[in-house]
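Keep the sequence at hand as you read.

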Amino acid sequence: MITFNVKDDKQIIVPVRFARARNGFSIRDDPDIDDRGFARGRDVSGLSTTDARGPMVGLMVNHTVHLRVIREDIDDSAPLYITCTEPTVIEVVEPTGGGPLPNTGIFRIKGTTARGSAGKIQVRLGSSTGPVLGELEPHVFNRYTLPITPHRVRIDTATATGTRPDIPIERILRRVRAIWWPCGIDIRFDPTTRPTVDDNIRLSTVDTVRDPDADNWAEVKRVLGLQRQRLGLPAGTNDQSINWYIINRFSDPTTVGLGIRRQLANTLSCDPGIFTTSNGVNNDREIERVARTVAHEIGHFLTLEHVQNRHADNPVEDTYGRRQLMFPISWLPTSPSPRTLTTTPRIDDVGYGNEVRGCLLTLKNHPKHATDKETTSARTAVRRGRWY
Ligand SMILES: [Zn+2]
């Protein structure tokens, strides 16, 4: 049964829609979906052409994921089936035979070929040949592996010995890996080949790196040089890893992360790398916040900009913008009560728990969005060797 609520002689009927399998922190089996509008927008190089009308999702080749169908204008008892138009590229793993879909709405698919069109996942009514009620367009990516090297940087002065930052690196990097996984980008921490490095450096203030504005990047640049010096590489040569420098704090306590990509490093005559701060990282929520910050800085590393090129002093205010990993703020006050039309933020949970930003990396390329198709932009940066 489909329920009609006709108003002004009209109703748009949305029998079903798609969603991430569950809300909350990132795990690799539950990719976020790009459900910003039904159309894909402008063509995206690297994605095949499509006539799909629905959300998109990125899949790492040969990795099974969960996704969810949400029933909107259709009865809970209507039997639904999941099919794929390109079964040689996408396998419907569960439910067996495509349906009927269980009450949870959860189904599992696996991309088996990373070339060309992945076709469409379709929700059908009644049987696997029934009418199509909704569609989703997956894209299957082959795996690019980027090694990451964590550095725990102890910052001494001429007279004082600093404290070694101590945060749960493996737990954080598991989440970072999950965030980038649907893009086919594997942020790999391998303690055997690239163990965590304990670095010591002498700067002007104990446990503190001066903000870029404070000294024209001088202290930031010195920290960024640690890995190259350790390896004895000459200036201008590259260590092919994401070097992640964990420091206690910046001189400006509102700075919690920095990402210096190759292009900026060339301008500054220094080495690329990312920073996060360890201060206050003592619970699960903070671990998640640091993971998102590391993943966000990796986004900068892979040439991505803040959502719509709007920074922390003027961020976008729409909920989709806050769902994106490249939203420029790590903290916002919680939504005031009662809420009004101009309350900022209007909601506290954008699908990843009560957190300021989500982890969506976009696939679509909408004409009025200045920083779209993030997934393919980041992959292009990797492919062209622009990340180290
Ligand atoms: Zn940023």
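Start with a network of salt bridges that links Arg171, Arg175, Asp284, Glu288 and Arg292. Keep in mind that this is a predicted model. Side chains of opposite charge can pair when their charged atoms come close. The count of salt bridges here comes to 25.

One of them joins Asp372 and Arg36, with the closest N and O atoms 2.9 Å apart. This pair links distant parts of the chain, 336 residues apart. Asp372 lies in the loop between α7 and α8, and Arg36 in the loop between β1 and β2. Asp372 is buried, because its relative accessible area of 6% is under 20%. Arg36 is buried too, also at 6%.

Next, look at Asp198 and Arg152. Their side chains meet in a salt bridge of 2.8 Å, N to O. Asp198 sits in strand β11 and Arg152 in strand β9, 46 residues apart. Asp198 is partly exposed, at 41% relative accessibility.

Arg188 and Asp186 form another salt bridge, at 2.9 Å between the closest N and O atoms. Arg188 is partly exposed at 31%, whereas Asp186 is buried at 0%.

Now find Lys120, in the loop between β6 and β7. Lys120 is buried, at 14% relative accessibility. Its side chain makes a polar contact of 2.9 Å with that of Asp51. Lys120 also touches other residues, including Thr83, Cys84 and Glu135.

Finish at the zinc ion. His296, His300 and His306 coordinate the zinc ion through their NE2 atoms, at 2.0 to 2.1 Å. The donors follow the spacing H-x3-H-x5-H. His296 and His300 are 4 residues apart in helix α6, so about one helical turn separates them. Both His296 and His300 are buried.

Conventions:
Residues numbered from 1 in each chain as written. Predicted model: local features only at pLDDT ≥ 70, side-chain atom pairs only at ≥ 80, totals over all residues. Heavy atoms only, no water. Helix = DSSP H or I, 4+ residues; strand = E, 2+ residues; numbered from the N terminus. Buried < 20%, exposed > 50% of the residue type's maximum accessible area, 1.4 Å probe, protein only. Polar contact = N/O pair within 3.5 Å; in protein donor to acceptor, adjacent residues only side chain to side chain. Contact = heavy atoms within 4.5 Å. Donors = N, O, S within 2.8 Å, 3.2 Å for Na, K, Ca; no water. Salt bridge = Lys/Arg side-chain N within 4 Å of Asp/Glu carboxyl O. Lists of a residue's contacts leave out its neighbours within four places in sequence.
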